[in-house]
Amino acid sequence: MYQDKSFLAIIPARGGSKRIPRKNIKVFNGMPIIAWAILAAKESGLFDYIVVSTDGDEIKLISEKYGA
C-alpha cells in the first residue's frame, strides 16, 4: 500500500527549557532523553528518515550519535 512512499519522523528538541535546563541532553535511565525518542522512532519500523529539529549543537551531536 505504501511501497512507493518514504516516511519522515521529525522530533523537535529545542535547547532552552525554562523548567529543566538542557533537558534533552539530561541522562535518564542511562541515555540522554532525546535518545529515547530517536530510538523509539527507529524501533517502530515506521520511518525511513528521522530528523531532529534543534537550535543546539550539543543536541545535534547526540542526535547524530543515536542515528537521527
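## A residue in the β2-β3 loop

Asn29 sits in the loop that joins β2 to β3, the latter spanning residues 31-32. The model is a predicted one. Asn29 counts as exposed because its relative accessibility is 63%, above the 50% limit for that class.

The backbone of Asn29 has a phi near 55 degrees, a positive value in a residue other than glycine. Most residues other than glycine have a negative phi.

## The loop between β1 and β2

Arg22 also has a positive phi, of about 60 degrees, although it is not a glycine. Arg22 is placed in the loop between β1 and β2.

Lys18 belongs to the loop between β1, residues 8-13, and β2, residues 27-28. With a relative accessibility of 79%, Lys18 counts as exposed. Lys18 is also part of a positive surface patch, together with Arg14, Arg19 and Lys23.

Is Ser63 buried or exposed? Ser63 is buried, because its relative accessible area is 2% and the class takes in values under 20%. This serine lies in helix α2, which covers residues 57-65.

Which residues does Ser63 touch once its neighbours within four places in sequence are left aside? Its contacts are then Ile34, Ile38, Val52 and Ala68.

## The chain as a whole

The chain holds two helices and four strands. Read from the N terminus, their order is β-β-β-α-β-α. Taken along the principal axes, the C-alpha atoms fill a box of roughly 45 × 25 × 20 Å.

Of the contacts in the chain with a separation of 6 or more, 65% are between residues 24 or more positions apart. The chain has 68 residues, and buried residues make up 28% of them. Ser63, described above, is buried.

## Surface and charge

The chain exposes about 5,200 Å². Carbon and sulfur atoms supply 55% of that area.

How many positive and negative charges does the chain carry? There are 10 positive and 7 negative charges, and their mean positions are 11 Å apart. The patch formed by Arg14, Lys18, Arg19 and Lys23 is positive.

Methods. Residues are numbered from 1 along each chain as its sequence is written. This is a predicted model: local features need pLDDT of at least 70, side-chain atom pairs count only at pLDDT 80 or more; totals for chains, interfaces and linings use all residues. Side-chain values use heavy atoms; hydrogens and water are left out. Patches are made of residues with over 30% relative accessible area and no salt bridge: like charges are joined within 9 Å, nonpolar side chains (Val, Leu, Ile, Met, Phe, Trp, Tyr) within 5 Å. Accessible areas come from the Shrake-Rupley method with a 1.4 Å probe; for residues, only the protein chains shown count as cover. A salt bridge is a side-chain nitrogen of Lys or Arg within 4 Å of a carboxyl oxygen of Asp or Glu. Lys and Arg count as positive and Asp and Glu as negative; His and the chain ends are not counted. The place of a charge is taken as NZ of Lys, CZ of Arg, CG of Asp or CD of Glu. Buried means under 20% relative accessible area, exposed over 50%, partly exposed in between (1.4 Å probe, protein chains only). Contact means heavy atoms within 4.5 Å.
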